[in-house]
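Let's walk through a protein model together, one piece at a time. Keep the picture open while you read.

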Amino acid sequence: MRTGLLAAGGAGMAALFLWGMAGLPPFGSYPGPYGDLLDSFAVGERKATDVVSAVNFDYRGFDTLGEEFILFVSVAGATLLLRKIEESADGEESREESEREDRQAGRAPPPTSDATRAFGVALVGLTVLFGLYMISHGQTTPGGGFQGGVILATAPLSVYLAADARTFQRIAPRSVVEWVGSMAAAAYIVLGLAAVVLGAEFLRNVTPLGEEEKMGSSGNIFWLNLGVGIEVAGGFVLLLSVFIEEALQRRLRRESR
Amino acid sequence: MSPGFLAYAVAAFVFLCGLWGAATSRHLVHLVICVGVLQTSTYVLLLAIGQKAGGVAPVYYGVPHDLLAVDPVVQALMLTDVVVEATVVALLLALAVQAHKHAGTLDPDALPRLKG
């Protein structure tokens, strides 16, 4: 029964797959016209030399708002799923038992080496600087809020690897990260509505375009990247902290007892 | 068959690898990673479709603005794809953690059936 179903599904899938592959345009012969138009207009119109950023934060700015909120909702969902639930005494016992087994099998984590500590600390400054550079130059060169935000979020992760969970929680307190991230997400909508207040369409550019190839140019594209960068960094730090907390919950509780 | 066909072949191969892994998976974390691999095939496909023969990256920093560049729209779509994949994987892993907490196993076949 199961094999029959698999064979039928597989055959249908293979037919559709080959049909789809056969219908692809020949490689290198882009049919257009949107890409061609954007390539020729975007730099002059928006002073953004990175056309991909111009598409994401201006021409397709409304879609990126949706994308930003997919990220927001996923992070909220993961946080909700991993929220602290008081464990029954039963669960506590079995967990302790499994930890004992871990130790006997030699699976207890080794202590952090000096090399990891030194390298981790040295990496933090570089990561923050590189992340900020990525976010603030998204409109001129490849990069932007999404990429820079993830890079920024790895700074607290290096701290966690070099030090411990407590230090991670001290430099990135949950409540502050949640608040800053949510505010940055809301800023996207606020900037969009600012155009409506001024009598234009939602998300139309309202800030000065500035000079090509300079930081802070391209008007809204720069400011939206800044907001998205902070939101993405906040979201990923929050994800890290809920996963770390989930893993270390009990250990931290025992230490504080 | 032109060498350009290779890009499509890579996309198809990565897609099938992810699909095969997901279909035969016996571990929830393995399953999540397989779905991630499956989704990466869309990156290759999107970038291949936007390719123009002789085109450069659609970034005009320090180069003449009339240079032939590839389609920026599919690149922007791919960026969206990466972000969505990263967060969806995080959400699925959180679900796997919850499943393990409740059932004590990550084998999909050994998970208890849903009760209404």
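We'll start with the two chains, then turn to where they touch, what is packed inside, and a few individual residues.

A bit of housekeeping comes before the tour. This is a predicted model, in which local features need pLDDT of at least 70 and side-chain atom pairs count only at pLDDT 80 or more, while totals for chains, interfaces and linings use all residues. Residues are numbered from 1 along each chain as its sequence is written, and chains are lettered from A and ligands numbered from 1 in the order in which they are written.

Take chain A to begin with. It has 10 helices and 0 strands (helices are DSSP runs of H or I with at least four residues, strands are runs of E with at least two, and both are numbered from the N terminus). Of the 257 residues in chain A, 35% are buried. Here "buried" means that 20 or more other C-beta atoms lie within 10 Å of a residue's own; 12 or fewer makes it exposed, anything in between makes it partly exposed, and the C-beta atoms are placed from the backbone. Now look at contacts in chain A between residues at least 6 apart in sequence: 70% of them join residues at least 24 apart. Two residues are in contact if their C-beta atoms, placed from the backbone, lie within 7 Å.

Chain B has 3 helices and 0 strands, running α-α-α from the N terminus on. Its radius of gyration is 19 Å, well over the 13 Å that the globule rule gives for 116 residues, so chain B is more spread out than a compact globule. (That radius is taken over C-alpha atoms, and the rule is 2.2 Å times the number of residues to the power 0.38.) The C-alpha trace of chain B spans about 60 × 35 × 25 Å along its principal axes. Buried residues make up 23% of chain B.

How do two helices of chain B sit against each other? Two packed helices are described by the angle between their axes and the distance between the axes. For α2(B) (residues 28–49) and α3(B) (residues 72–103), the axes come within 10 Å and cross at roughly 175°. That makes α2(B) roughly antiparallel to α3(B). The axes are lines fitted to C-alpha atoms, for helices over the stretch in contact, and angles run from 0 to 180 degrees between N-to-C directions; under 35 degrees counts as roughly parallel, over 145 as roughly antiparallel, 65 to 115 as roughly perpendicular and the rest as oblique. By class, this contact has 15 nonpolar, 4 polar and 2 charged residues. Ala, Val, Leu, Ile, Met, Phe, Trp, Tyr, Cys and Pro count as nonpolar, Asp, Glu, Lys and Arg as charged, and the others, Gly among them, as polar.

Now find Leu95(B) in helix α3 of chain B. Leu95(B) is partly exposed, with 16 other C-beta atoms within 10 Å.

Next, where do the chains meet? The contact takes 35 residues from chain A and 36 residues from chain B. On the chain A side, α2 (34–46), α3 (51–59), α4 (61–81) and α10 each supply at least two residues, and α4(A) gives the most, with 8 residues. That side divides into 20 nonpolar, 9 polar and 6 charged residues. Over in chain B, Ala69(B) lies in the loop between α2 and α3. Ala69(B) is buried, with 23 other C-beta atoms within 10 Å, and one of the residues it touches is Asp39(A).

What about the inside? The largest nonpolar core has 62 residues, and those with the most contacts inside it are Val51(A), Ala54(A), Val55(A) and Ala78(A). Such a core is a set of buried Ala, Val, Leu, Ile, Met, Phe, Trp, Tyr and Cys residues joined through C-beta atoms within 7 Å. Helix α10 of chain A (residues 220–256) brings the largest share, 14 residues. Among the contacts of Ala54(A) is Ile221(A).

Most residues other than glycine have a negative phi. Lys47(A), however, has a positive phi of about 55°, and Leu203(A) has one of about 70°. Lys47(A) is found in the loop between α2 and α3 of chain A, while Leu203(A) lies in the loop between α9 (174–197) and α10. Lys47(A) counts as buried, with 22 C-beta neighbours inside 10 Å.

Notes
Lists of a residue's contacts leave out its neighbours within four places in sequence.
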